[in-house]
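Open your viewer and get ready to click along. Each stop says what to select, then what is there.

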Amino acid sequence: MGSSHCAWLAPMREAYLQSGLTLSQLSNRVRLSKSKLSELLRGCGLYPRWEIVLSLAVELDMPQWPLYRLWRYAALEAQKTRDWVDRCSERTMAALATAHTAQPLDHRAFHELVESDYTLYAQVFLDDDQRDSAVSDTFDILWLRWNDALASPDTRRFAWEVLRATVMARTPHLDGRPEFSAAAFDTLALRQLADATARMNQMAESLELFKAMSRLPDHQLDVLVLLSLCGLAPDSVSALLGVPLATVQSDERHALHFLDSVIPPPETERTPA
């Protein structure tokens, strides 16, 4: 099961568990055998057609538009043809268009508030297409789980965890740590250098830095990426992550201390006597 499949299936499983329905009751309502329904909810078997997913969404009272968008992307990831995807949903497109207008106003406002910063963060780890897909999927998942987000201790923190999980699911990993060395080729320090030798030296320095950064704990890595690579101010990072400013400052301090301990200082040329 790919990350995109999991993106819509996990909220659907959660909605089923919270519904209080037994598998037999849900099976009778959607007219799908218990065995097939069990396979669908476990992510096993063939990728489900949209009509089946929609019938479950109706019974579980899930928003249809973000679910469809996630289902469609995952179908293409599962190597279903666009013709298959279109045929699965052609009868419901009019209803989906209406469902699109039902986006909660507070979700839409939150989307507009944080989208640019979410995109900056995703850009550090992913290419342009993957970045846009990860951010789009994040807001679709949040729409599916918006009630959970509002009921959480902090909506911003809940949303950030969704973004991070979505980005990291698409990010290559090496020894269990995110691999984002491609960002070394797009640093401000590198762009400001005209000399080829200086650019090569700076690139090597950036690659070493990013390799060391990947070893940081998740929360320290996020803080350092947002501060150092995305250029956000500490108070903006605090608001984006939904954590106190003191926590951001502490994470930055511990992260920099770790980097100083593992990256040797640059060699200095000796002045001839």
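You're looking at a predicted model, where local features need pLDDT of at least 70, side-chain atom pairs count only at pLDDT 80 or more, and totals for chains, interfaces and linings use all residues. Residues are numbered from 1 along each chain as its sequence is written, and side-chain values use heavy atoms, with hydrogens and water left out.

**The whole chain**

Of its 273 residues, 42% are buried.

**Trp8 and Tyr47**

Now select Trp8 and Tyr47. How far apart are their ring centres, and what is the angle between the planes? The two form an edge-to-face aromatic pair, 6.2 Å centre to centre with 90° between the planes. Here, rings of Phe, Tyr and Trp (its six-membered ring) pair if their centres lie within 6.5 Å; planes under 30 degrees apart are stacked, over 60 edge-to-face, and the rest tilted. Trp8 belongs to helix α1 (residues 3-19) and Tyr47 to the loop between α3 (34-42) and α4 (50-60), so this pair ties together parts 39 residues apart in sequence. Trp8 is buried at 0% relative accessible area, and Tyr47, at 10%, counts as buried too.

Searching the whole structure turns up 13 aromatic pairs.

Next, show Lys80. Its charged end sits over the ring of Trp84, 4.8 Å from the centre; that label requires NZ of Lys or CZ of Arg within 6 Å of the ring centre and within 35 degrees of the ring normal.

Select Gln79, in the loop between α5 (64-77) and α6 (82-89). Most residues other than glycine have a negative phi. Gln79 is not a glycine, yet its phi is positive, about 70°. Gln79 is also exposed, with a relative accessible area of 72%.

Jump to Asp175, in the loop between β1 (173-174) and β2 (177-178). Asp175 isn't a glycine either, and its phi is positive at about 55°. With a relative accessible area of 76%, Asp175 is exposed.

**Thr138**

Pick Thr138 in helix α9 (residues 128-144). Is Thr138 buried or exposed? At 0% relative accessibility, Thr138 counts as buried. Leaving out residues up to four places away in sequence, Thr138 touches Tyr118, Ala159, Val162, Leu163 and Thr166, where contact means heavy atoms within 4.5 Å.

**Helix α15**

Last stop: select residues 234-241, helix α15, and colour Val237, Ser238, Leu240 and Leu241, which are buried. Look down the axis of α15: its buried residues fall within an arc of 165°, so they line one face of the helix. That arc is taken from the directions from the helix axis to the C-beta atoms. What do they pack against? The buried residues of α15 pack against α8 (105-125), α11 (155-170), α14 (218-229) and α16 (245-262). Finish on Gly242, which follows α15 and has a positive phi near 70°.

Methods:
Buried means under 20% relative accessible area, exposed over 50%, partly exposed in between (1.4 Å probe, protein chains only). Helices (H or I, at least four residues) and strands (E, at least two) are DSSP runs, numbered from the N terminus.
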